[in-house]
Amino acid sequence: MEDKQKICDQLVTALELTRALYDLESLEYNPQSETVRATFTTREHKIVNVAADSGIAMIRDIIRQIV
């Protein structure tokens, strides 16, 4: 079983180091809706559908949908 919230937490750390996503504040995984809420320092939010994703597929979907 993959810890999807832990994957999100670690991904934020890496993405904050990039020019494209330096303003990413958090990624919150919701297991009930199988979505990830991306919050930026501007307080903008984006919701990413990660239903039935493996950890690596979730990372791909997050990056593709928030950039």
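Colleague: Why is Leu24 called buried?

Modeller: A residue counts as buried under 20% relative accessible area, as exposed over 50%, and as partly exposed in between, with a 1.4 Å probe and protein chains only. Leu24 has a relative accessible area of 1%, so Leu24 is buried. Before we go on: this is a predicted model, where local features need pLDDT of at least 70 and side-chain atom pairs count only at pLDDT 80 or more, while totals for chains, interfaces and linings use all residues. Residues are numbered from 1 along each chain as its sequence is written, and side-chain values use heavy atoms, with hydrogens and water left out.

Colleague: Where is Leu24, and which residues is Leu24 in contact with, leaving aside neighbours within four places in sequence?

Modeller: Leu24 sits in strand S1. Contact means heavy atoms within 4.5 Å, and with those neighbours left aside Leu24 is in contact with Val12, Leu15, Glu16, Ala38, Thr39, Phe40 and Ile66.

Colleague: How many helices and strands are there in the chain?

Modeller: The chain has two helices and three strands, and from the N terminus on they run α-β-β-β-α. These are DSSP runs numbered from the N terminus: helices are H or I with at least four residues, strands are E with at least two.

Colleague: What makes the chain as compact as a globular protein of that length?

Modeller: The radius of gyration, taken over C-alpha atoms, is set against the globule rule, which is 2.2 Å times the number of residues to the power 0.38. For 67 residues that rule gives 11 Å and the chain has 11 Å, so the chain is as compact as a globular protein of that length. Along its principal axes, the C-alpha trace spans about 30 × 20 × 20 Å. Of the 67 residues, 37% count as buried.

Colleague: How do you know that Glu25 forms a salt bridge with Arg43?

Modeller: A salt bridge is a side-chain nitrogen of Lys or Arg within 4 Å of a carboxyl oxygen of Asp or Glu. The closest N and O atoms of Glu25 and Arg43 are 2.6 Å apart, and the pair forms a salt bridge. This pair links distant parts of the chain, 18 residues apart: Glu25 is in strand S1 (residues 24-30), and Arg43 is in the loop between strand S2 (35-40) and strand S3 (45-49).

Colleague: Are these two partners buried, partly exposed or exposed?

Modeller: Glu25 has 34% relative accessibility, so Glu25 counts as partly exposed. Arg43 has 53%, so Arg43 counts as exposed. The phi of Arg43 is near 75°, a positive value in a residue other than glycine. Most residues other than glycine have a negative phi.

Colleague: How many salt bridges does a search of the whole structure find?

Modeller: The search finds two. Asp61 also forms a salt bridge, with Arg64, and their closest N and O atoms are 2.9 Å apart. Because they are three residues apart in helix H2, Asp61 and Arg64 are separated by about one helical turn. At 16%, Asp61 is buried, whereas Arg64, at 56%, counts as exposed.

Colleague: Why does Ala52 count as exposed?

Modeller: Ala52 has 74% relative accessibility, so Ala52 counts as exposed. Ala52 lies in the loop between S3 and H2, and its phi is near 65°, a positive value in a residue other than glycine.
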